Amino acid sequence: MASKLTRSDRAGWLMALPGAGLIATFIILPFFLAFAFSLTNQRLASPNPTEYVGFENYRDLLGLSIFTLEPERNEAGDVLVDDDGQIEYPRLRKFTRNNPDYPKLQGKREWFSWQSGENRTVVLASDVVFMKALVNTITFVLVVAPVQAGLALVLALLINQKLRGISLFRAVYFMPVVVSIVVVSILWQFIYSPGDGLLNNVLSGLTFGAFQPRDWLGETSTALGAIIAMSVWQGVGFHMVIWLSGLQTISPTLYEAAEIEGSSKWQVFRYVTWPGLRNTAILILIVITMQAFALFAQIDVMTQGGPLDSTQVLVFQAVERGYGKQDISGGSTISVILFVIVLCISLLQRWLTRERN
Amino acid sequence: MALVSPDNRGLRLVTRYAVLILVAVIFVFPLLFMGVSSLKPDQQLLSDTNSLRAFLPVGDISFDNYSDAFQRAPIGVFVLNSVLVTGVTVLLTLFVCSLAAFSFVFLDWKGRDVIFTILLATLIIPYETIFIPLLLMASQLPWIGGGGIEFGWLNTYRVQIIPFIADGLSIFLFVQYFKDLPRELIEASRVEGASWWMIYRKVVLPLSGPVIATAAILKFLFMYNQYLWPLMVVQAEEIRPVMVGLGYFTDQLNVPWGEVMAYLTIITVPVLAFYLSLQRVFIASVASTGVKG
């Protein structure tokens, strides 16, 4: 409502200007520049003028083809098999390198493949490393978001008891949040180190020596999982606190009513606590998702994307191109793809958790 | 209704504390390992990980790692840079964002609602998606220095500070807080002829202690722990912050782990001490980001 007392165009603009101007310059402008650069061949420093290249950067990253390899046959039409009994196929290179009959396969490389009858179906990608980064990032988010949110809720319920000294425990559970993820990553390298590492020792102690030590960060099957576990450890206290503030907005009279009715603990949680946490749940899922997509420092410190690209992620790829190779356009293209995914997922979460009336 | 026997209650209490303590151990042990290891020579540090000795200050204990670490890298400079960059950014954030929020909440002006909506929308842009174009901008932005206009912000303090002064979350926190202040107070001051600047300074700011603490703590944690941005824009040793300074220790052929632990302890313990002394305020700050979001 406008009143003469508060109407003031000049003062209003002047006071909002520093904040609004800085956000426009350092957040909104680079945001739109990312879109603009992704359509060019912009480099950090280059003697050649920048050119518009359309969607070439996107094609170079996202290009996929499915191709079916048919077995090599002899003149009689029989399938050739090698000494080990494996079916022999023509080499992929014959199709992907300068083969005018297959222009769509030009420059692509094998991402993965599977057997179908005597044929072999191959999925080729223009940029296999990017595809792995995309899949790893999405895996990371899909695991971290529910696990971290769930564990944070368990911790919040644990800390919401009325016990002497409970605020000390709350302070301790929150502690990793104030420690830099860079510091945490270095410390956890000792936990995950092969052979005599802390985790290997604990596990072999618990199983009375039956556990075989692993190289947690050095094996493709465990590296991403190890980084997920550490990330949850570091971040879970943050969301515990947000759950806790949600828990404390639930009116105590509801709990008293449930007690009078003789509800079980599970019933209290299901019918009193959980409905009161709806909005908190949406917020937490969105915040964790956004934070999880930004995964970078853990990878940079612990694995550099390895082993065999099993921990490649989008921000690491964007930095490797934009900063490492000074390819601003390539890095920007990955940034745009990342942003579009984050946006879609937050909208989807909002839609899935909407009020159903 | 069954009566709960005293024994049973005692047992339940013990179980509850046992669970709480077990979880606490999970959160504390890596930090304990860090502090304890910083006192051990490399050889012992590595061999101790096969037993509980990893968490005990036993064996050949000394502060040698600390003095060696100070010899290897200009740690004082790194710490000073981090304190300077973090401190200046926090102060500027408090001023710029509270002023903007004041204008959004208490003043009526043309375009206010549109601009506020746009600023709120920026909350969905993760910094990591704008760092690459921002890197190019930073390499070409102008600055008025001693010798007239110069171009390029790389390897400066300003490139570590200015882009992070204003952000949607800080403004949003102030707006939420200001909305709950009594409007009559502001209107009464207006009637008495106070300028907007006076009202901001003398009426609103003195009432804003809690939100100032919240915004300051969140910005402090973000700035002190920044890694990716300074990694890209700061190469010069004399302006490096602590997280990037870590490279002096970890980029070695034979990583001096004792010194690494000493360095990590130096850059982490002050923050932990600060947190523990103000833990209620820290936790309330994080909680307030969730209440009305």
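Let's start with chain B, which splits into domain 1 (1-72 + 247-293) and domain 2 (77-245), with bounds that come from an automatic or database domain assignment. This is a predicted model, in which local features need pLDDT of at least 70, side-chain atom pairs count only at pLDDT 80 or more, and totals for chains, interfaces and linings use all residues. Residues are numbered from 1 along each chain as its sequence is written, while chains are lettered from A and ligands numbered from 1 in the order in which they are written.

Taken over C-alpha atoms, the centres of the two domains of chain B are 32 Å apart. Where they meet, nine residues of domain 1 of chain B are in contact with 10 residues of domain 2 of chain B; two residues count as in contact if their C-beta atoms, placed from the backbone, lie within 7 Å. On the domain 1 side, helix 14 (247-250), helix 15 (257-277) and helix 16 (279-291) of chain B each supply at least two residues. Helix 16 of chain B has the largest share of that side, with four residues. By class, the domain 1 side has five nonpolar residues, three polar and one charged. Here Ala, Val, Leu, Ile, Met, Phe, Trp, Tyr, Cys and Pro count as nonpolar, Asp, Glu, Lys and Arg as charged, and the others, Gly among them, as polar.

Helices (H or I, at least four residues) and strands (E, at least two) are DSSP runs, numbered from the N terminus. Strand 1 (residues 142-145) and strand 2 (residues 148-151) of chain B pair in the antiparallel sense over four bridges, where pairing requires that DSSP finds at least two bridges between the strands. They form a hairpin with two residues between them.

How does the overall form of chain B look in numbers? Its C-alpha trace spans about 80 × 70 × 30 Å along the principal axes. The radius of gyration of chain B is 25 Å, whereas a compact globule of 293 residues would have one near 19 Å; the value is taken over C-alpha atoms, and the globule rule is 2.2 Å times the number of residues to the power 0.38. Among contacts in chain B with a separation of 6 or more, 73% join residues 24 or more positions apart.

Now bring in chain A, which is divided into domain 1 (64-125) and domain 2 (129-352). The centres of these two domains, over C-alpha atoms, are separated by 41 Å. The contact between the chains takes 79 residues from chain A and 73 residues from chain B. Helix 1 (residues 6-37) of chain B gives the most to the chain B side, with 10 residues. That side has 53 nonpolar, 12 polar and eight charged residues. Ala100(B) is in contact with Met15(A), Ala16(A), Pro18(A), Gly19(A), Ala20(A) and Ile171(B), leaving aside its neighbours within four places in sequence.

Finally, compare the open with the buried. None of the nine residues of helix 9 (residues 252-260) of chain A is buried, so this helix lies largely in the open. A residue is buried if 20 or more other C-beta atoms lie within 10 Å of its own, exposed if 12 or fewer, and partly exposed in between, with C-beta atoms placed from the backbone. Just after helix 9 of chain A, Gly262(A) takes a positive phi of about 75 degrees. In chain B, buried residues make up 43% of the 293 residues.
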